[in-house]
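Biologist: Can we go over the charged pairs in this one? Start with the terms, please.

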Amino acid sequence: MATPEDLEKFVTQVTRPQGFESFWHSALAELSEIPLEPRVSPMPLRSNGEVHVAQATYRSLGGLEIAAWYCVPAQGRGPFPAIIYFPGYKGEPALRREWGRKGVVTLTVAVRGKLRSNAQFNPGYPGLLTHGIESPDTYSYKGVISDCVRGVDFLLSRPEVDPDRIFACGSSQGGGLTLITTALRREIRGAVAGYPFLCCFPEAMRMLRSYPYDELNCYARAYPNRAAQMLHTLRYYDAVNFVGWVRQPMAVGIALEDEICPPGTSYAAYRGLAGPKELWLFPNAGHGNAHEYPAKEAAWLDHQIDTSRAKAVA
């Protein structure tokens, strides 16, 4: 089990590559030129007296259509605060209807490769982590991150959503995507990242022999002449290189026996956050199974939403 002292001692070799900022500035500019084409298809069988459920779709990088579950409170008058949820690596996004009774909209994004978003892009699991890794411009996560960014655009397009009260959340891959998307979109007012993946790729590859990070080791063994370029590409997508842009309130949860995302790598991302931040350490817990985490996540988001509501009234 890692200790708090181990986390403090952890040092990563990850640094921003030359042109990192201009790369992402250009990527966002390219994305903004693509028509969003937001659509909402009501799903009465999934709805109830507290929440209206719909399938949402919108366009992202390459013109791909991205799907999401969209839940809107059935009671009360908007505009409502909203939470955007980002998915893990293998699991499928879940409906988050529980927030409807609290007067909160939720959007759960199915990034490219997930069911309902895989008609044009489906590299599989394993597969996603190394698809197009030969270049930063072709890497799969350029699209995945774009899908998350466009989810924010979708919320901003909706009249029932308060654009000043958008929050973000995710665990594992979703935690890494939360860190990155919050860095790229100031419209996100606060976020929670649990057990974050996509942090400190070189160290994670050395420390673990478990998937998903071991996909990268397998790739390096299969194509040793491409290993250096793989590591170069990953520098453009390492959450540690984004967190210095995050000035919004942020909470990060780390399991000290995490066998998927080494605790030190997640802590390196937390350490780099530039805004107000909270650290939740869970001893005797592995990846995604800290019993206290869901309640802490919900309470933190509740507090942020209540605070934003008070500011709006004032």
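Modeller: One cut-off to begin with: partly exposed sits between buried, under 20% relative accessible area, and exposed, over 50%. Arg59 is therefore partly exposed, with a relative accessible area of 23%. Keep in mind that this is a predicted model.

Biologist: Which residue does Arg59 form a salt bridge with?

Modeller: Arg59 pairs with Glu37, and their closest N and O atoms are 3.3 Å apart. The two come from distant parts of the chain, 22 residues apart: Glu37 is in the loop between helix H2 (20-32) and strand S1 (39-42), and Arg59 is in strand S2.

Biologist: And how does Glu37 count at 35% relative accessibility?

Modeller: Glu37 counts as partly exposed.

Biologist: What about Asp164, which residue is its salt-bridge partner?

Modeller: Arg189, with the closest N and O atoms 3.1 Å apart. This pair also links distant parts of the chain, from Asp164 in strand S6 to Arg189 in strand S7, 25 residues apart. Asp164 is partly exposed at 49% relative accessible area, and Arg189 is partly exposed at 36%.

Biologist: Which residues do salt bridges with shared partners join into one network?

Modeller: Glu37, Arg39, Arg59 and Glu65.

Biologist: How many salt bridges does the structure hold?

Modeller: 17.

Technical notes: Residues are numbered from 1 along each chain as its sequence is written. This is a predicted model: local features need pLDDT of at least 70, side-chain atom pairs count only at pLDDT 80 or more; totals for chains, interfaces and linings use all residues. Side-chain values use heavy atoms; hydrogens and water are left out. A salt bridge is a side-chain nitrogen of Lys or Arg within 4 Å of a carboxyl oxygen of Asp or Glu. Helices (H or I, at least four residues) and strands (E, at least two) are DSSP runs, numbered from the N terminus. Buried means under 20% relative accessible area, exposed over 50%, partly exposed in between (1.4 Å probe, protein chains only).
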